[in-house]
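Take a look at the chain below.

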Amino acid sequence: MSFALYVVGFLLVIGGIAWALVEAGLAMFKIAIVCIILLGIAILTGVVKTRPKDPPKGPLA
């Protein structure tokens with residue numbers, strides 16, 4: 001899975017959560033804080049999940 005596809009999927013999830021929080025009546029600055037935190041988590045996990053594996057090291061390495 002590519003990093004861009006992973007982030008797009010996570011953005012859809014963040015959008016849904018933000019919409020639910022707006023409908024629940026939460027203050028906009030709190031919604032923004034939640035979205036920024038979730039975006040950071042999305043980037044971190046996306047990099048970890050889509051990073052290519054390191055090649056195995058030889059016996060002399």
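The points below are grouped by topic. The model is predicted.

**Helix α2**
- Helix α2 covers residues 28-50, which is 23 residues.
- At 1.5 Å a residue, α2 should span 33 Å; its end C-alpha atoms are 32 Å apart, so the two values agree.
- Its buried residues are I31, C35, L38, A42 and G46.
- Helix α1 (3-24) is among the elements that cover these buried residues.

**A record for part of the chain**
- UniProt, in an unreviewed entry, places a "transmembrane region" at residues 30-48.
- In the model, residues 30-48 are 100% helix and 0% strand.
- The end C-alpha atoms of residues 30-48 lie 27 Å apart.

**The nonpolar core**
- The largest nonpolar core has eight residues.
- Its members are Y6, F10, I14, A18, I31, C35, L38 and A42.
- Helices α1 and α2 are the elements that give two or more residues to this core.
- One core member, A18, is in contact with I31 and C35, leaving aside neighbours within four places in sequence.

**The aromatic pair**
- The count of aromatic pairs comes to one.
- Y6 and F10 form this pair, with ring centres 6.4 Å apart.
- Their planes are 40 degrees apart, and the pair is tilted.
- Y6 and F10 are four residues apart in helix α1, so about one helical turn separates them.
- Both Y6 and F10 are buried.

Notes: Residues are numbered from 1 along each chain as its sequence is written. This is a predicted model: local features need pLDDT of at least 70, side-chain atom pairs count only at pLDDT 80 or more; totals for chains, interfaces and linings use all residues. Side-chain values use heavy atoms; hydrogens and water are left out. The expected span of a helix is 1.5 Å times one less than its number of residues. Buried means under 20% relative accessible area, exposed over 50%, partly exposed in between (1.4 Å probe, protein chains only). Contact means heavy atoms within 4.5 Å. UniProt positions are given in the numbering used here, feature names are shortened, and annotations may be inferred rather than shown by experiment. A nonpolar core is a set of buried Ala, Val, Leu, Ile, Met, Phe, Trp, Tyr and Cys residues joined through side-chain atoms within 4.5 Å. Rings of Phe, Tyr and Trp (its six-membered ring) pair if their centres lie within 6.5 Å; planes under 30 degrees apart count as stacked, over 60 as edge-to-face and the rest as tilted.
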